[in-house]
Structure formats: structure tokens, C-alpha cells
Amino acid sequence: MGRIVGIDLGTTNSLVAYVDSQTGRPRCIIGPYGSTLCPSVVSLDPDGNVIVGEPARKRLLTQPERTIYSVKRLMGRGVADIQDEVKLFPFRVDAASKNVIRVQLGDKSFTAPEISSFILRELKNWAEAHFGESVDRAVITVPAYFNDAQRQATKDAGKLAGLDVLRLVNEPTAASLAYGLHEKQRGLVAVYDLGGGTFDISILKLIATSEGDIYQVLSTNGDTHLGGDDIDNLLQAFIHEQILQSDEIDFSPHGEIAQELRKELISLKHGLSEKESAKLRFPLPNGKTFEFEFTRGMLDAMIRPVMERTMTPVKRALADAQLKPEQMDEVVLVGGTTRTPFIRRTVQEFFGRAPHTELNPDEVVALGASVQANILERGVSNMLLLDVTPLSLGIETYGGAIGKIIPRNSPIPASAQEMYTTGVDNQTGIDIHVLQGERELAKDCRSLARFTLKVPPAPAGLPRIEVKFLIDANGILQVGAKDVRTGEQQQIEVRPSYGLDDAEIERILEESIEYAEQDFAERQVIEARTEAESILVATSKALAGDQSNALPAGDRAKIDAAVAALKESVTGSDYKLIRKRIDELNHATQDLAEIVMNSAISSALKGKSVGEV
């Protein structure tokens, strides 16, 4: 068996790390160009050879039509999801793309997992050159708020690269392993991770026990489409407009000149982290040189909207953990974008304490991934790391409500089961509709999968169906359904399509808050109607039986009136009225229920007597 490594598959740069067996400390591997950073850029030669990393990054300027960067933003997404960004990218989406995005590089097209696999294979080569032996297993990090499709796409990329992906670890969680948790025995930690293309915030609790240390993620939140790339895009759009006004040059953002300008602006942004002002000098196609003086204050003003977008998930994560900013014992910054002074200052002001910046923010996630890889390889028993699932999981129940089986922010791996039954007589199958979301109604939640469990015909309410959810350590969901009476069962691994909007999780959470009162009211109406329909069916059956002949005429009239009143109330949306009419019908049918029960007991006793003879 080969070596195991930790990999940070990043939007802008990717890294590979391992734990040094002699020192016990994690280290990032330096590549052939003298840096631990492998640019997450892939280029295709005219002869079909794939170029990855620094050589590919240089081709962004010379061969932009054959080169792709920021592919992580395409992982697990569909064509419709990226229309607003296409104009900012120097590559073309294959017109034949449907659910899965295919990117055109030269005369060939590739999916996002295929392109990511080229980056992973390059890192695998770095590690094998460093160790002098094969590397076949890896722990790969993902943003904490990656949805199921994006996580599955990452696993697919690892498999294509020839790696057995032992675990997908949330990036802030990985950072917590490398950044301070070995020195801290207890306390609350906020991990603020702003990388090139994604933002994550995780609230962790460190617990020291007699059996070892537990590092539990209390809550997590984020935005899978927010990062340093957005700042670069703002800078580029601003300068494009300035050049258009001063020199009337409107060059395409896909062209070589635009990429050269982007490179200069990124360098200028880095420079403003060290000094108060910097001048841009950029040669234009008309022979002139465009000059513009940037100050740190101008950059801060430009960054402010991006910074404000990060604070919304931060506040949600704290609310989910039922904590306040000042309760954090430690704040950790992760991701190269957090080098920006304005971001560091804003985070410090919000939490009321200086954040940790001792470790290289570009490397910390990869270092943590290697620690997790070492835990898996050596079976370290005194360290337990508990991740959480970002959204609730459940199934659609009768009437269109959602029955939540695993609540959001539950520690994973996790499993839970609930018992359900049929709502209609003589059903021959039960449709299991798996959902993800925070709303009360199935129509407002994200559909993950559907399958049907066959059941023998029986009266409504008689079958007992056990639905079990299991989330593995990678956050991948398995759903099983079993008829307890017959033993018939079916299981499915939820493998969602890649055609999903990565802003959907943020929208789900916003709407769950915005529509909470409305959703709860609708759910109360649905549940009241469902109960009313069940009682009406049972009453109709009882009235159709011979036992109802024993009812006095006055009682029958009361029941008929109560049934009519309940049927009328069900057509409306006043759940309190429906509940009132249910109570009235229950009261009116007390004598009927007693007659039916006595008749059933009498029949049972007669059957027993005959049997004994």
C-alpha cells in the first residue's frame, strides 16, 4: 500500500501535505517550481498534452482559449448556474453541455471533475517525487457548505486521479486541526476562511476528556460563490471602465490583454496589503500607457460589499450555535484573501479580539488535511473530530409536508430512522421522496432522490414502514426503506445531478427564516386536513357497517351534521376551525365508536370459542 497525503483542492491554488514521521508536524510539499502552491490552472497543448500548475498559469496570457482556472466554481453545477460568470472567464462552455458542464479547451471538452483530476494528479506526482514511492490514498478538503453534488464531484475527481479518497474534510475543520487545536485544551473557536472562490465560517468547541480531545463543529455556514476572485473581478471591472472612458478601448475580458491586466491588478492588490498606495501602469494596444493611483482606502471601499457578504453567514453560524461574538476564545483566519488588512481589521472588530495569523493562511488547510490523513492511517485514538451536516434531511409526508429525519448541524457520521405508514387503503407502493432544506413544505425544499417501496395491499395506517437515513463521514447520504411486516426493503445512495445552483443553500436558509411563520401555518393546515380526512374515512366505514343500525336517529343526525361541517371546514385554510370540527365529530361519534368496539370484541370472543371447540 502506498503513502497517504492531505490535499487542499483550492479555487486559486492547490497544495499537498504530509505529517513528518520524525518531527510529528505537518509539512507542505514543495513542487518543481520552488513553491508549495500549485496554481489550480489547467491548459491543453495543441498535441493533446495536459499542462498543470505554474506553466499552465503562464498560458492564461498566451493561450487563454486552451486554459482554465477557478474550475472549483464549476464543480457540481449546471449550465444555467454559471451564465452570469461566463463573461468573466477566459474559456468556453461546450454548447452540447446539458446537466453536466463541459468546458471547451481547444478542440476537446472536459467536465469540471475531469479538470480537477488533472490538478490532483499533478499533486500526486509532487508527492511521489518527494517520497520516492507511490501515493494512492488522500484526504481532500472541501468548503464546509459544499452541497451533495459538489462533494460527489470532488470524490469523482479524486478517483479519476488514481486516488482512494478516504475522507472529504471541511476546510475550516481541517484548518482547526493545524491551527491551534493541538495547543488548546478547551474553548470555543471561530474559523473564518476566505479563499479564492469560497467562504466558510465554522464554530468549533474544544473539549478535553479523560479519553482524549473532542473537536466538535457546533455550526457551519458560508457561501460557495464568494472569495478573492470576486475582489479581482471588481478591480478588473473598475479599471475596464476607467480605460473605456479615458481611451475608448473596450477589450474583451476573454482576451490576452485582459488576462495581463488581471495579473497586474492582483499584484497591485497584494502590494496594498503592505503599503498605503500603489500605482498601476498598464500598456494599452494604442501605444499609450494607462496610469492609475490606487490607495488602500479605495481598495477598502471596493472590498466592503464582499466583506459585508461574509458577515451574514458569520452571524447565522453564531445564532445556530446560540453564541455571541464575544464568547469566542479564539478566532482563526484561513485563506490567502485574509491577508488584506481591511478584512483582518473588520474580523477583529466584530469578535472583539485579534485573530490568529501565525501560520501561512494559504497552507493551513492542507496542513490540517495531512493531520486528518495521519489520524486515519495511524488510528490515533485520543482525537475525535465531529463535522456537521449543513441542512436538514427528511422525506415528504402525506399532504406535502416534510418529515425531518436528520436536523441541520447534526454531527456526522450520523444515522436516524422514523416509522411511517400509508394514508390510502390498499396502496401497493410507497413513494419515498428524499428532501433537503429548512422549510416546512416539500415543495419549498430541494429534491434529492425518489424511489418506490412495494407493499402488499392493506387498510390505510396498517403498514409499518421504517425509513432510515445514514450520512457517512464524507457527508454522502444513503436512504433505506423497509416494510417491517414483510421484510421488503430498498436502499439508495443519493447521487444528485451536478446541475445545481451553488447559491441554493444560502437561499434555503434565508427563506427558512423569512417564511418561518407562513410555513408553520401552512403545515398546521396540512396536518389538520390530513387528520380530518383520516377521521372522515373511518367514520364513513363505521356508518356503512351493520353496527350503525343500533344508533338512535338523533345520534345519526348529529354525526351527519358534524361530518358535513368538517368537510366544509377542510375546504378552507383555518386550521383552528378544522381542529374544532374534528373535536365536534369525535364527540358526536363516541356512541358509534363504543358500538363498533363492542361488536369487534364480541366477534373476537365468538371466534375464540369456535376455535376451542
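Visitor: How many aromatic pairs does a search of the whole structure find?
Guide: The search finds eight aromatic pairs, and since the model is a predicted one, every value I quote is computed from its atoms.

Visitor: What makes phenylalanine 238 and phenylalanine 292 an edge-to-face pair?
Guide: The ring centres of phenylalanine 238 and phenylalanine 292 are 5.5 Å apart, and rings pair if their centres lie within 6.5 Å. The angle between their planes is 80°, and because planes over 60 degrees apart count as edge-to-face, that is the name given to this pair.

Visitor: How do you know that the pair links distant parts of the chain?
Guide: Phenylalanine 238 belongs to helix α5, residues 228-247, whereas phenylalanine 292 belongs to strand β17, residues 289-295, and the two are 54 residues apart. Ring pairs also join Phe238 and Phe292 with Phe290 and Phe294 in a cluster.

Visitor: Why is phenylalanine 238 called partly exposed, and why is phenylalanine 292 called buried?
Guide: Buried means under 20% relative accessible area and exposed means over 50%, with partly exposed in between. Phenylalanine 238 has 25% and is therefore partly exposed, while phenylalanine 292, at 17%, is under the cut-off and so is buried.

Visitor: What makes the pair of phenylalanine 350 and phenylalanine 351 edge-to-face?
Guide: Their ring centres are 5.0 Å apart and their planes stand at 85°, so the pair is edge-to-face, the cut-off for that term being over 60 degrees. As for accessibility, phenylalanine 350 is partly exposed at 23%, whereas phenylalanine 351, at 4%, counts as buried.

Visitor: How do you know that the charged end of arginine 3 sits over the ring of phenylalanine 131?
Guide: The charged end of arginine 3 is 3.9 Å from the centre of the phenylalanine 131 ring, and the distance cut-off for a charge over a ring is within 6 Å, together with a position within 35 degrees of the ring normal. I can quote the distance for this contact.

Visitor: Turning to the helices, why is α12 called roughly antiparallel to α13?
Guide: Helix α12, residues 553-570, and helix α13, residues 575-588, pack at an angle of about 165°, with their axes 9 Å apart. Angles over 145 degrees count as roughly antiparallel, and therefore α12 is roughly antiparallel to α13. The crossing of these two helices is left-handed.

Visitor: Which residues of α12 and α13 meet?
Guide: On the α12 side they include Lys558, Ile559, Ala562 and Leu566, and on the α13 side they include Leu577, Ile578, Arg581 and Ala588.

Visitor: What makes alanine 588 count as buried?
Guide: Alanine 588, which lies in helix α13, has a relative accessibility of 18% and so counts as buried, the cut-off being under 20%. Leaving aside neighbours within four places in sequence, alanine 588 is in contact with Lys558, Ile559 and Ala562. Its C-alpha atom is separated by 9.2 Å from that of alanine 561, a residue 27 places away along the chain.

Visitor: Is aspartate 230 buried or exposed, and what makes it so?
Guide: Aspartate 230, in helix α5, has a relative accessible area of 16% and is therefore buried, as under 20% is what the word requires. Apart from neighbours within four places in sequence, aspartate 230 is in contact with Arg73, His225 and Val306.

Terms used: Residues are numbered from 1 along each chain as its sequence is written. This is a predicted model: local features need pLDDT of at least 70, side-chain atom pairs count only at pLDDT 80 or more; totals for chains, interfaces and linings use all residues. Side-chain values use heavy atoms; hydrogens and water are left out. Rings of Phe, Tyr and Trp (its six-membered ring) pair if their centres lie within 6.5 Å; planes under 30 degrees apart count as stacked, over 60 as edge-to-face and the rest as tilted. Helices (H or I, at least four residues) and strands (E, at least two) are DSSP runs, numbered from the N terminus. Buried means under 20% relative accessible area, exposed over 50%, partly exposed in between (1.4 Å probe, protein chains only). Axes are lines fitted to C-alpha atoms, for helices over the stretch in contact, and angles run from 0 to 180 degrees between N-to-C directions. Angles under 35 degrees count as roughly parallel, over 145 as roughly antiparallel, 65 to 115 as roughly perpendicular and the rest as oblique. A crossing is left-handed if the near helix is turned anticlockwise from the far one by less than a right angle, and right-handed if clockwise. Contact means heavy atoms within 4.5 Å.
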